[in-house]
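Subject: Structure handover

Hi,

Here is the structure I promised to pass on. Have a look, and my notes follow below.

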Amino acid sequence: RVYTKLPTFQLDSFSGGEDVKPFTPEKAKEIVMSLQQPAVFCNMVFDWPVLHWNAKYLSEVLDGRTIRFRMGMKKRDTAPQFETKCSYVEATLEEFLAWTSGQPTSVSGPFSCYDSSKYWAYADYKYIARIFEDKTEIFKDIMWSDFGFPGRNGKESTLWIGSAGANTPCHLDSYGCNLVLQIQGRKRWHLFPPSNTTCLYPTRIPYEESSIFSKVNVVNPDLRHYPQFRKAQAHVVTLNPGQVLFVPRHWWHYVESVDPITVSINSWIELDADHKARVEEAITRTVVCAIKSAENPSQLDAWLNPTEVEATSHEINLQYLNGAISAYLEYQTVTVSEDRDPSTHGTEKEASSCKRRKIQVNTKPEDYKSGTQEADFTVVKAKKLEKIPFGVHLIPVLPQSQEASSVGAGAVESDSRDLLSENEGGHFGKSRCTGKQSVMSNDCETLADQTDSDSTANSSQMAISTNDLLDCLVNPQVISLVAGLLLERERV
């Protein structure tokens, strides 16, 4: 698909230049549900109160409440810096701001062990409904209704606050699609289409429900170990304040903070395809937990992502699997009924809006049928648009290999200073925030020295490790096949 080159221009993202938005909510939803590639919406949120949510404002609102920060090294290695390899600190946003600015008061604070020139800090995956549970009026500052999702606000959104270099390892989300609003500072996104999955060497270690990680550090790849990555097609864009990025279903992404302080929010949009994805995730959890727990039950920190509260038992995992299958079959029955009865078209359905921890430790299998998850909203069905209205208000994120990609990326950046050369790191590029148990040591001298995700205690004596076996057993293609076989058995 070839797109017309777009002119480079500067956007006043906060004012919009006029009171009329470029797309109506109905049109915006049609676009979101039709897009098959990432794109940036411009001038759609200029009147959202959330644009004032910079780190200083949030510090005042939180009023001394501590949040958890993930600490990582700015020094680049060829291996991804997974969350199992990071340390964690509990700190206030005031302390975070003092640390990033190098104020003397930070010397004795929770960040005192970390040199801000060598480390980054990231308060990621913070569900707004949790951290502002006593200030629910603030939810209305976020108005996803402008994108065609009425009633959707901060309650169904997630907050991200980071320092320069803070990043999320390259991964794809098993559930839904994603809308991301940049509020303060800039973030650089590296996105790869689902067709690149093999080139990105998918792994489920560290294990986290709904996240499939890549073994490749996409900004400093080890091509000797991962030669297929040469074939991957990166779509790179720097997201500026006031812009909204759409990330389609199953697109891989690596995200890194460019500026000293960044603030962004996002919301994951449930899709009909998630019904099968939940079955696939239940199968994956069952296999990973069974094999890794049997290997070394006491070494959870080596394979379980900190976002996961615990390794659930085989019995509970089977309950989850049966619940997910029952919910999928019930959805199929309802869908067939609706297709036969035109009067039911457009009926609203209820579904969970949280991206991670869809299978909760305290969730009963029957809850899948009733939709009694944390938040509900309409699962959207929309006709495919014949032509996506790309232009100054909707910028496609094109592959780097295309000549137009530099124009498309530049069009959503403030000025030429945003464009970094490759030698300067130019190709930069979950889960509930409560109930997470720290499995890290909080070492002041260095980050926790964790067991490498591709090794086991016996790896030096064996050619094939447990993780090698798991990479094959829970490969997305294999899991999809297994899910299909299980669902076929249940249909009979």
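A quick definition before the notes: buried means under 20% relative accessible area, exposed means over 50%, and partly exposed is in between (1.4 Å probe, protein chains only). This is a predicted model, where local features need pLDDT of at least 70, side-chain atom pairs count only at pLDDT 80 or more, and totals for chains, interfaces and linings use all residues. Residues are numbered from 1 along each chain as its sequence is written, and side-chain values use heavy atoms, with hydrogens and water left out.

Now the salt bridges (a side-chain nitrogen of Lys or Arg within 4 Å of a carboxyl oxygen of Asp or Glu). The count comes to 16.

One of them joins arginine 186 to aspartate 259, at 2.6 Å from N to O. This pair ties together distant parts of the chain, 73 residues apart: arginine 186 sits in the loop between β7 (177-184) and β8 (187-192), and aspartate 259 in the loop between β13 (252-257) and β14 (261-269). Both residues, arginine 186 and aspartate 259, are buried. Strands here are DSSP runs (E, at least two residues), as are helices (H or I, at least four), numbered from the N terminus.

Helix α10 (residues 476-491) holds both glutamate 488 and arginine 491, three residues apart, about one turn of the helix. Their salt bridge has its closest N and O atoms 3.2 Å apart. Glutamate 488 is partly exposed at 45%, and arginine 491 is partly exposed at 44%.

Also worth a look: Lys21, Asp47 and Asp146 are linked in a salt-bridge network.

Cheers
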